[in-house]
Amino acid sequence: MGNLFVGINSSILMFFVIAAFSQFYLRKYKPDLFIKYNYIVAAALDGGTQVLVFILTFAVAGGSGKAVPFPTWAGNPDSDLHNIDYCMVNPANDG
C-alpha cells in the first residue's frame, strides 16, 4: 500500500519541485518566459511521461507477455527484507 499512482512515492518530490519553479519563480520573476513557454513545457512534460509509461509497459512491465524484473538496488529494494518505501512495517498487518 506504499505505492501511489506513478510508482513509489518519491516521485512526488519532483512534481512539487517543477511546480514550484514554474508557478512561483517564473510567474513572479520572469512573467514573459512564463507566458511564452509554460504551456508548451507542461505539454512536453505530460507527453514525455505518457511516452515513457507506454514504453515501460511493454518493455519492462509485461505488457507484451513477458515481464522483466528490475535489479535490486536502493531505488528498487527487496520487499522481503523491508517495506518498499523504507517505512517501518506495521506489525498489525502481519496477521
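Contacts between residues 24 or more positions apart make up 19% of the chain's contacts with a separation of 6 or more, where a contact means heavy atoms within 4.5 Å. The model is a predicted one, in which local features need pLDDT of at least 70 and side-chain atom pairs count only at pLDDT 80 or more, while totals for chains, interfaces and linings use all residues. Residues are numbered from 1 along each chain as its sequence is written, and side-chain values use heavy atoms, with hydrogens and water left out.

Let's start with the overall picture. The chain has two helices and zero strands; helices (H or I, at least four residues) and strands (E, at least two) are DSSP runs, numbered from the N terminus. Of its 95 residues, 7% count as buried. Buried means under 20% relative accessible area, exposed means over 50%, and partly exposed lies in between (1.4 Å probe, protein chains only). The chain exposes about 8,100 Å², of which carbon and sulfur atoms supply 69%; accessible areas come from the Shrake-Rupley method with a 1.4 Å probe, and for residues only the protein chains shown count as cover.

Leu13, Met14, Val17, Ile18, Leu33, Tyr37, Ile40, Val41 and Leu45 make a nonpolar patch of about 800 Å². Helix 1 (11–29) and helix 2 (31–59) are the elements that give two or more residues to this patch, and helix 2 gives the most, with five residues. Patches are made of residues with over 30% relative accessible area and no salt bridge; like charges are joined within 9 Å, and nonpolar side chains (Val, Leu, Ile, Met, Phe, Trp, Tyr) within 5 Å. A salt bridge is a side-chain nitrogen of Lys or Arg within 4 Å of a carboxyl oxygen of Asp or Glu. Ala42 is found in helix 2.

The structure holds three aromatic pairs. Phe24 and Tyr29 form one that is edge-to-face, with 6.3 Å from centre to centre and 85° between the planes. The rings of Tyr25 and Tyr29 have their centres 5.5 Å apart and their planes at 45°, so this pair is tilted. Rings of Phe, Tyr and Trp (its six-membered ring) pair if their centres lie within 6.5 Å; planes under 30 degrees apart count as stacked, over 60 as edge-to-face and the rest as tilted. Tyr25 and Tyr29 both belong to helix 1, four residues apart, about one turn of the helix. Ring pairs link Phe21, Phe24, Tyr25 and Tyr29 into a cluster.

| Residue | Relative accessible area | Class |
|---|---|---|
| Val17 | 43% | partly exposed |
| Ser22 | 14% | buried |
| Tyr25 | 35% | partly exposed |
| Tyr29 | 49% | partly exposed |
| Ala42 | 43% | partly exposed |
| Asn83 | 26% | partly exposed |

Two of these residues come with contact lists that leave out residues up to four places away in sequence. Ser22, which lies in helix 1, touches Arg27, Phe34 and Asn38. Asn83 is found in the segment after helix 2, where Asn83 touches Pro77, Met88 and Val89.
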